[in-house]
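Biologist: Hi! Could you walk me through this one when you have a minute?
Modeller: Happy to, let me put it on screen.

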Amino acid sequence: MIGGLRHQIDLLAPARLGDAGGGSAVSFGAPARIWAAVTQLASIVAQAGGRQTRIERIEARIRRRHAVAIGWRLAWGAKLYDIVSIEDDGPGERYVTLIGEEARP
């Protein structure tokens, strides 16, 4: 499988930052660059305000890491993806698969 991890992706962890008005905003911290096997999945169509929008989806198979969770982002090429699912075959497995949907601005 090591030969299949041929794409570099960046994992981005969310961090909540306070502002001067007492509120907060979510920012994504410094990336962790890792190797992955990335596959383009079928796009989904979302309905918003009477308009249909195509959302690109990918799966990224990575070596098991304890510090990755739904709500993180991954960057591949020039695009950002929200991690919406983590496919895990169990603690004895060496790899997990992240499912990402194109991040909306």
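**Overview and a closer look**

Modeller: Of the 105 residues in the protein, 30% are buried, where buried means under 20% relative accessible area, with a 1.4 Å probe and protein chains only. This is a predicted model, so local features need pLDDT of at least 70 and side-chain atom pairs count only at pLDDT 80 or more, while totals for chains, interfaces and linings use all residues. Residues are numbered from 1 along each chain as its sequence is written, and side-chain values use heavy atoms, leaving out hydrogens and water.

Biologist: Thanks. How many helices and strands does the protein have?
Modeller: There are 0 helices and 8 strands; helices (H or I, at least four residues) and strands (E, at least two) are DSSP runs, numbered from the N terminus.

Biologist: And what does the C-alpha trace span along its principal axes?
Modeller: About 50 × 35 × 25 Å.

Biologist: Which sense does its pairing with strand 4 have?
Modeller: Antiparallel, over 5 bridges, with strand 4 covering residues 32-48. Two strands pair if DSSP finds at least two bridges between them.

Biologist: How many bridges join strand 1 to strand 6?
Modeller: 3 bridges, and those two strands also run antiparallel, strand 6 being residues 73-76. Leu11 takes part on both sides: its bridge partner in strand 4 is Ala32, and in strand 6 it stands opposite Leu74.

Biologist: Switching topic, where is Glu56 found?
Modeller: In strand 5, which is residues 51-63.

Biologist: Why does Glu56 count as buried?
Modeller: Because its relative accessibility is 19%, and the cut-off for buried is under 20%.

Biologist: Which side chain does the Glu56 side chain make a polar contact with?
Modeller: That of Lys79, at 2.4 Å. A polar contact is a pair of N or O atoms within 3.5 Å; within protein, one must be able to donate a hydrogen and the other to accept it, and residues adjacent in sequence count only if both atoms are side-chain atoms.

Biologist: What else is Glu56 in contact with?
Modeller: Leaving aside neighbours within four places in sequence, the contacts of Glu56 include Gln40, Ser43, Tyr81 and Gly100, and Glu101 and Glu102 are also among them. Contact means heavy atoms within 4.5 Å.

How values were computed:
Buried < 20%, exposed > 50% of the residue type's maximum accessible area, 1.4 Å probe, protein only.
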